[in-house]
Amino acid sequence: MAPQKRKTAAPSSNGTAQQPSKREKLDLSRPHPNAQQAEDFGIVLREFYPPEMSNERCQAYNDGRLERPIETLQRAYEETADQRRAIRANNAVVYWFKSDLRLYDNRALRLAYETAKEHNIPLIALYILSPQDLTAHLLSPARVDLILRTLHQLKRDLSELDIPLYLETQEIRKNIPQRIVDLCQQWGANHLYANLEYEVDELRREAKLVRLCAKNGIKFDTAHDACVVPPGQVTSQQGKQYAVYSPWYRTWLAYLNENPDCLELSEEPGSNPGDARKYFKELFDSEVPAAPENKQLSEEEKQHLGQLYPAGEHEALRRLEAFLEEKVRDYAEARNMVSGQTTSILSPYFASGLLSARTAIEHARRANKGSLQHGDPGLVHWIGEVAWREFYRHVLVHWPSICMNKCFKPEFTNLEWEYDEDRFTTWCEGKTGFPIVDAAMRQVKQDKWMHNRTRMIVASFLSKDLLIDWRRGERYFMETLIDGDFASNHGGWGFGSSTGVDPQPYFRIFNPLRQSERFDPDGEYIRKWVPELRDIKEAAIHEPYARGAGANAEKNGYPRPMVDHSKSRDLALHRYKRACKNGR
């Protein structure tokens, strides 16, 4: 299934997309003035990507002068349509697993299975591990470990259906399209299926693969699976993509109510229609690869994370059902409280595609007597929270520069950030002297997961109390979290740093003390993760040095606050205001 068409290019007076002049092309190729600073501070990985683009180049994507990657893919489909229509089935059908490691409710997998069944030929599943992609995309060792553990289970589940899962490591990421074509030709497969991923690298790779496959007599079809509603379908009355969640969500709900088929769940594949064990016996012996050297965990970490986040879609579905039966009723009131398990902790399973957002929302809708927006407050709120993940993907597709080390509001790239390695390290280690911040950073270091409320607190602290470029924090999260999903992570950091799609202005600055008192009132969360403060009683836990518990804190080695929040706030307001003024 080719991507759905969208109106994105800005029309000129004659109705065609505006093309940049040679002079504009030259200007747009220039990097941002602070590009070297971003590179030196570990924000732009020059091993894989060009220097940070200028704000003018961001605008060129926004107004349609530069082709968005989704449009590049759409054009590839349009220009190869005749070649693709002429392709007939051969000896097998191939399904390419990526960030969708499940059998249940997997749209492209179902299409692949139905094609194999129609022609009575074998279905072959494929997974390619790319160490360069893992590094370029900042996937954490914890997430890589969950993926590999899941692949072992997926391989067993597929084998029970007589479907082989062929796995290999491809060291050079740019060679993946040609390698897939080579494998299809080796297996005599003229049909290849995969689900779309919406990041820039992936869309451009898929566009290349569409053309390469068509040239070699292979029909490559993709499906919109990561989003319930395909990007570009939820627009304003003027046909524009929403940059604010609330109106987007209302329109998204209306779209789903008018198009209930979007929530139809795909069945798992049945037994392999062809005799794969006769013709492709050796593929069943394929081994799950090991983690690359730079993505490995210690044995102790593997055991700890294996207990916290068991692998596979079966665990994901079990957690979903348990949450909907046991905890969701209190979700509306308790979801922001950071002590205790008040959320579903399904994000690791969403991030690697062990559970689809469609499955989660449809199961919640059924539990809510068929309604998405009325009924039980807990269910309604939770559906809205799952929808945030989709909103951020829609934003990513329409404003692709956010996938290129830029923020939604590029004027804040010009802000006078601090690039202080020592202060950044203090934040990472949870030694800032702000108990709620330190508790959160220590939790993520050990459990590779953090509550959404504390993610907002620590993001605001890094970007506004320390005035450190938020993109370094964004990278740290991706390289640490087990649920590191680019669109959601970028969206969250955009919120915390006031550089993203959130309509609230930059002067919303979280006060760590107020956040701590409100969302961890008894200090349970702090005492769990900051052992130096476990003896401190009552409200002093939130601010020990200012509430008479400084001697106790100091004795146990807990640091004094590294900044004065009031002074930091004033400085942040000054710099943000100046960046806004200069960005106009």
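Two helices, α18 (377–398) and α23 (486–497), each supply at least two residues to the lining of the largest cavity, and α23 provides the largest share of that lining, four residues. Helices here are DSSP runs of H or I with at least four residues, numbered from the N terminus. The model is a predicted one, in which local features need pLDDT of at least 70 and side-chain atom pairs count only at pLDDT 80 or more, while totals for chains, interfaces and linings use all residues. Residues are numbered from 1 along each chain as its sequence is written, and side-chain values use heavy atoms, with hydrogens and water left out.

A cavity is a set of points, on a 1 Å grid over the protein atoms alone, where a 1.4 Å probe fits but cannot get out, and a lining residue has an atom within 4 Å of a point. The structure holds two cavities of 30 Å³ or more, a volume being the space filled by probe spheres set on the grid points, which are joined across faces, edges and corners.

The largest cavity is lined by Y392, V395, I402, F408, A487, H490, G491, G494, G500 and V501. Around the second largest cavity stand W388, Y392, G491, G494, F495, G500, V501 and D502; here too α18 and α23 each supply at least two residues, and α23 gives the most, with three residues.

A pocket, by contrast, is an open set of points with protein on both sides within 12 Å along at least five of seven lines. The second largest pocket has a volume of about 1100 Å³, and of the 39 residues that line this pocket, E385, W388, Y392, N452 and M456 are the closest to its centre. Two or more lining residues come from each of α11 (245–258), α16 (347–351), α18, α21 (452–465) and α23, with α18 giving the most, six residues. Domain 2 (227–264 + 303–400) and domain 3 (410–583), whose bounds come from an automatic or database domain assignment, each contribute at least three residues to the lining of the second largest pocket.

The table sets out volumes and lining classes, where Ala, Val, Leu, Ile, Met, Phe, Trp, Tyr, Cys and Pro count as nonpolar, Asp, Glu, Lys and Arg as charged, and the others, Gly among them, as polar.

| Space | Volume | Lining residues by class |
|---|---|---|
| Largest cavity | about 80 Å³ | six nonpolar, four polar, no charged |
| Second largest cavity | about 40 Å³ | four nonpolar, three polar, one charged |
| Second largest pocket | about 1100 Å³ | 20 nonpolar, 11 polar, eight charged |
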